[in-house]
Amino acid sequence: IHNVVFESSSEASLLVAREIADLIVDKNNRGETCVLGLATGSSPIRVYDELVKMHRENGLSFKNVVSFNLDEYFPMNPESIHSYHHFMNEHLFNHIDIPKENIFIPDGTIAQQDIPAYCQGYEQKIKSFGGIDFQLLGIGRTGHIGFNEPGSHYNSITRSITLDQLTREDASSGFHGIENVPKKAITMGVGTVFSAKRIVLLAWGHKKAEVVKQTIEGEILPQIPATYLQEHLNTTMVLNTEAASMLT
Ligand code: F6R
């Protein structure tokens, strides 16, 4: 694991967006598809803003991009303003030229008994495009990546999980109270994330300082799934000064 610290998250986000844009252009020049693994939440918003800007102002095209989102709440209607489908449309997809059929986000409306087969299908889909070239991640205060909460196995694949209490508390303001936050989610597994050729994890602010310290300096433990990233050979943690403030 490699970490870089920036004074501002906006400056950091611009550099991450540039890395993604360069990869898209490079793949396009070779006539290849660029497979992106995408995250929701507050951390990647400015990266998406920058990508939208590059599309508008510099003609960056997403025609050769295929995207897989990490997770979706369960149950969750894609039309709901709380859905990650809605989030992605608002922050990115509605503003770029990615073909609709290239967008994959876990479906929060699947019938309970169909979830395992659905999740296998999601894994197969990723493999059918040759795997994820670039995976963008945030990190939860529980140490989750995607919604791989404490206890997640390093080999885990896409599946349904129960959200941690702390994760639901952190999401509660957007839902006007914790009682409205779904109890479950469908998430790519740790193994799914780990298969990505390149991983960039974003963490901003004091609230993330403790978990960032554990992720970078702590022992690799299933209690903090992000620590598994220590063994991934092409992972960069992109931090701002506040998020890095507890590193020794
Ligand atoms: C979102 C996701 C989560 C978030 C994490 C941090 O798709 O997979 O792991 O990245 O909960 O959320 P923020 O960025 O809102 O602090």
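## Ligand site and salt bridges in a predicted model

The ligand sits in the largest pocket, where a pocket is an open set of points on a 1 Å grid over the protein atoms alone, with protein on both sides within 12 Å along at least five of seven lines, and where sitting in it requires that more than half of the molecule's atoms lie within 2 Å of its grid points. This is a predicted model, in which local features need pLDDT of at least 70 and side-chain atom pairs count only at pLDDT 80 or more, while totals for chains, interfaces and linings use all residues. Residues are numbered from 1 along each chain as its sequence is written, and side-chain values use heavy atoms, with hydrogens and water left out.

There are 13 residues around the ligand, and those that come nearest are Ser-43, Asp-71, His-144, Gly-146 and Lys-208; a residue is counted here if one of its heavy atoms lies within 4 Å of the molecule. By class, this shell holds three nonpolar, eight polar and two charged residues, with Asp, Glu, Lys and Arg counted as charged and Gly among the polar ones.

| Residue | Protein atom | Distance to a ligand oxygen |
|---|---|---|
| Ser-42 | backbone N or O | 2.8 Å |
| His-144 | polar side-chain atom | 2.7 Å |
| Lys-208 | side-chain N or O | 2.6 Å |

Taken alone, the ligand exposes 410 Å², of which the protein buries 86%, the areas coming from the Shrake-Rupley method with a 1.4 Å probe.

Turning to charge pairs, the structure holds eight salt bridges, each defined as a side-chain nitrogen of Lys or Arg within 4 Å of a carboxyl oxygen of Asp or Glu. Side chains of opposite charge can pair when their charged atoms come close. One of these bridges joins the side chains of Arg-30 and Asp-26, at 3.3 Å from N to O. Arg-30 counts as exposed because its relative accessibility is 55%, whereas Asp-26, at 34%, counts as partly exposed; exposed means over 50% relative accessible area, buried under 20%, and partly exposed in between, with a 1.4 Å probe and protein chains only. Glu-32 forms a salt bridge with Lys-27, their closest N and O atoms also lying 3.3 Å apart. Here Glu-32 is partly exposed at 33%, while Lys-27 is buried at 16%. Glu-217 and Lys-213 form another, with 2.9 Å between the closest N and O atoms.

Key. A polar contact is a pair of N or O atoms within 3.5 Å; within protein, one must be able to donate a hydrogen and the other to accept it, and residues adjacent in sequence count only if both atoms are side-chain atoms. On a 1 Å grid over the protein atoms alone, a cavity is a set of points where a 1.4 Å probe fits but cannot get out, and a pocket is an open set with protein on both sides within 12 Å along at least five of seven lines; lining residues have an atom within 4 Å of a point.
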